[in-house]
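Could you look through the following points with the sequence and the coordinates open beside you? They are meant as a colleague's remarks.

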Amino acid sequence: MPAFVASSVSATPVRRHHWGRWLIGLLAFGALSLWGLLTFWLDPWLQRQAEQRVYTASQGRYRLHIGKLRTRLWPLGAEAHALHLRTVASTPDSGRLPRLELALGRVAVRGVSWGALLRRAEVPVDSIVLDSVAVGLQHLPAARSSSPLYAQLPVAGLRVGRLAVRHLHGSLGPAHRPTLQAGETSLIVADVRLSAAAAADSGRIGYAAAVTGQTRGLAVQVPGHTVRVGRLQLSSVLGHLLLDSLLLHPAQPINHRRSQTMRVSLVVPRLQLIGLDGPRLARQDFRADTLLVKSPRLALTLPAQKPPSLHTVLAAYLRSCRLGALVVTNGRVQVAGTELAPAVAGVELVGSGFQVLPRLGPPTDMYYARRWHLQTGKATATLDAPYYHMSWQNMQADTRAGSLRLHAVSVLPTLSVEGLARRKGHQAAHVSARFPAVWLSGFSFPAAVNQGELRAAVLGVQGAHITTRSDGRFPGNPRISSVTPEALGRLPFRFAVNQLRLRQASLTMLYRAPRHAAPGILQITRFASTLRNLSNDPARMSAARPLTGEASGWLQGQGRAQLTLQANLLDPAGRHALRGTFYSTPLAMLNSMTVPTLGLDVRSGQVHQIDFRMTLDQQAARGTMWGRYTNLKMQRLNRQNRPGVLHRLQTSVINGVFIRDNNPRRPGAELEPGTILSNRQRRFSVFSLWRQGLVSGLLNSAGVPKGLSKKLSEGQ
């Protein structure tokens, strides 16, 4: 056998080493040891440390129990289940450590950076999730340090990619009456960064880049009221805030009894805020595009003292407050605590250009807005409560156009003529008024809102139907009448209307005299009037620049009349001038008034034309009347409106001694003027004085002696 063959056969075989198996086994052993370390030593140790730290830091006030804790070293994180934090002892520092009960089903922390944590730099965290949270807090804790939150961290900062809270239920305040209660709540906060740079970032909401949340069954106690919200949604990314089923309920009922503060009842099916700037709001600067309020139902009782203005209240919380537009649809409003007791339905309201804060100088806006547009449905109110009921069917107002229009306005008494007089204890005007249309053009809404002044180019009234009734069986009103030029000038607010236009109106006056149950009737139809410079502003009203006007109409539908008026509304003596003309008409048209009230029947007579001029003041009516008429005959009647024996004798004396059958007595003769003289009774309106003056002039021009015509006129 060759030598090399023998050598190879007799050589010792080479030994193989299985390093891979040892490495795998070692890693498996390490992993198993680490799992055992985390499970049986590190996790329980961390759990005990956390529970002990809470107890020690709160000085025995709180005790924390963690049902289960699991940590993860790569990537670094932890997850805990069944956490329960409760108050177990009292402490003198209850302001900083309020009574607290917290139950947390699960909390998970994911993706903590080892490197940043070890370097004590800003530590990024992927996510923190809190699930199934129930919390009860007696009050918010008092601030322990004035330094910002990021400065109190043991690292340079903290940045959480996503913070989520799910299924949160909580309350704030005493357990028997919490100040705040929240039902099912969820919250997602994106990119939470606790650092000096984030605190200075004007694009963040506090420390967060974005906030999204929703809660159901929210209830908040505010002074004298409870606020409830069925559902609330918030998204800072969309700039959107939504409240469904908003309810504000007062502790005391809405009624006419006032309290120190306002009581409000409000139901809003949906309230939506669009374009909300969250980062600005976090810096006390409220900015939003539009606030939509759908179908609100508002009832309130006015307070006994004026509440602070809105900008005063908000100044404690905001530096600036601006809103692009407020839109209210299908609203209903009812106000108690005032004799007017107004109620309005079908409210459609749009306001734009709001600036509540800052307030710079005297206001030039209207309720903080540059423009308002309002439309309503039916509205009701009480005038001279409880005697008159006022309503309108709809209204439109536009502040930019300076227009206000009301349709189907009515003012109606709530009692009969007799009932009203009996309730007031004296004769009282029983007025029923219906106005198909009333409008203002060139109306200064800023002057009305900010100065309480009525300033307009034109006040128009179309198609008014006014009826007045009175009962002469009751004593006269002992108070001085307020229906006078001087009383108009003394109104407690400033007004200036360039023109008052009244068109196609009718006025019916009914008077029930003591002598007969049937009322006397006087009616003016097709009435039209224009008044100019209707004002109590001293800069506009004076003797040199008085109110002027003219009017025309048909008396009893048969005789046309024209009047002109001139009055200084600021004259304390109430001086004014009236002149006019009555055109051709039969005098018998007056019988519907003179027969039941005076027992005087005009049997015949034709007016061709009557002209008059008179001046009036607080003392009397004075002037002259020129009456051109023919064939005037009168008949005195008894209480049954029949010519009795004595009344026939009176008729003969009147027609034979006093009355001129014709004026002038014969063709070509001079017209006999009549003297207008009648003393004023200030208990009656200025229109009564006008009537007295006309009656005295008519009687005197017909031949009745001046003294007797004066006396007869004052007895009307």
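The points below concern a surface patch and some backbone details of this predicted model.

1. On the surface, the side chains of Trp74, Trp114, Leu117 and Leu118 form a nonpolar patch, whose members together have about 490 Å² of accessible area. One of these residues, Trp74, sits in the loop between β1 (62–73) and β2 (76–87), and Trp74 counts as exposed because its relative accessible area of 71% is over the 50% cut-off.

2. Two peptide bonds deserve a look in the viewer, given that most peptide bonds are trans. Leu357 and Pro358 are joined by a cis peptide bond with omega of about -5°, and Pro358 belongs to the loop between β14 (343–357) and β15 (371–376). A cis bond also joins Ala385 and Pro386, with omega of about 5°, and here Pro386 lies in the loop between β16 (379–383) and β17 (388–392).

3. Backbone phi angles are the next topic, since most residues other than glycine have a negative phi. Gln59, which is not a glycine, has a positive phi near 55°, and Gln59 is placed in the loop between α2 (19–57) and β1. With a relative accessibility of 61%, Gln59 is classed as exposed, because this value is over 50%.

4. Is Gln556 buried or exposed? Gln556 is buried, because its relative accessible area of 14% is under the 20% cut-off. Gln556 also has a positive phi, of about 55°, without being a glycine, and Gln556 is located in the loop between β25 (547–555) and β26 (559–567).

How values were computed. Residues are numbered from 1 along each chain as its sequence is written. This is a predicted model: local features need pLDDT of at least 70, side-chain atom pairs count only at pLDDT 80 or more; totals for chains, interfaces and linings use all residues. Side-chain values use heavy atoms; hydrogens and water are left out. Patches are made of residues with over 30% relative accessible area and no salt bridge: like charges are joined within 9 Å, nonpolar side chains (Val, Leu, Ile, Met, Phe, Trp, Tyr) within 5 Å. Accessible areas come from the Shrake-Rupley method with a 1.4 Å probe; for residues, only the protein chains shown count as cover. A salt bridge is a side-chain nitrogen of Lys or Arg within 4 Å of a carboxyl oxygen of Asp or Glu. Helices (H or I, at least four residues) and strands (E, at least two) are DSSP runs, numbered from the N terminus. Buried means under 20% relative accessible area, exposed over 50%, partly exposed in between (1.4 Å probe, protein chains only).
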